[in-house]
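Subject: Structure for your attention

Dear colleague,

Please find below the structure that I am handing over to you.

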Amino acid sequence: RVGRRFGVAKHCTLATLRLDGSPRISGIEVELADDGPWLGMMPGSRKTHDVHRDPRVALHCPTLDTPEDDPSSWPGDAKLAGRAIEVSGTGTGEGHRFRIDLAEVVLTRLGDPPDHLVIESWRPERGLERRERR
C-alpha cells in the first residue's frame, strides 16, 4: 500500500538537514525496489552535500488532492524515514545513488466510516502499529 502511494506520480518530497541543522525540502524521484527505496542525486547538489554530512532523511509520497465531491475516496499518503547509504561506485560525474535504510514507514488514510484517520506505522524495533485519530 505504501508503494502504491509513492507510485501515483513521479516527484516526491525529500527532507534533509542543512549544516545548521535546519530542514531542507527538495523534490526527488524515488525508486522502490525489493531491497528498499533508492534515490539518485546530482553531483554538487545541496541535498547531496546534506546527505553526505548527515544521512538522516525523510520522504513524502506525491500528494493527491482530496476530491471535493467525494472526500472519502482520498487514497491517503505515505512517509518513509531512515538513513541514506551511498552505494559504492557511485558519485561519478553522472550522479550519486543512495539506498535508504528504513527506520520508519507511515501510511495515513481515512477510516471506514470516513470520520477519522487511520495511521499505520512500522519501525524495526516495534513492528507494525495502528492508531486512530478522531
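Helices (H or I, at least four residues) and strands (E, at least two) are DSSP runs, numbered from the N terminus. Read along the sequence, these elements follow the pattern α-β-β-β-α-β-β-β-β-β, with 2 helices and 8 strands in the protein.

Please note that this is a predicted model, in which local features need pLDDT of at least 70 and side-chain atom pairs count only at pLDDT 80 or more, while totals for chains, interfaces and linings use all residues. Residues are numbered from 1 along each chain as its sequence is written, and side-chain values use heavy atoms, with hydrogens and water left out.

Overall form. The C-alpha trace spans about 50 × 35 × 35 Å along its principal axes. Of the 134 residues, 35% are buried; buried means under 20% relative accessible area, exposed over 50%, and partly exposed in between, with a 1.4 Å probe and protein chains only. A contact means heavy atoms within 4.5 Å. Among contacts with a separation of 6 or more, 47% join residues 24 or more positions apart.

The core. A nonpolar core is a set of buried Ala, Val, Leu, Ile, Met, Phe, Trp, Tyr and Cys residues joined through side-chain atoms within 4.5 Å. The largest such core has 19 residues, of which Val2, Phe6, Leu14, Ile28, Leu39, Met41 and Leu59 touch the most other members. Two or more residues each come from helix 1 (2–6), strand 1 (11–17), strand 2 (23–33), strand 3 (36–41), strand 4 (56–60), strand 5 (77–86) and strand 6 (96–110). Strand 6 gives the most, with 4 residues.

Which residues does Phe6 touch, not counting those up to four places away in sequence? They are Cys12, Leu32, Leu59, His60, Cys61, Pro62, Ala78, Lys79 and Leu80.

Strand 3 and its partners. Strand 3 is mostly covered, with 5 of its 6 residues buried. Two strands pair if DSSP finds at least two bridges between them. Strand 3 pairs with strand 2 in the antiparallel sense over 4 bridges, and the two form a hairpin with 2 residues between them. Within this pairing, Leu32 stands opposite Pro37 of strand 3. Strand 3 also pairs with strand 6, again in the antiparallel sense and over 4 bridges. Here the bridge partner of Met41 is His96 in strand 6.

Yours sincerely
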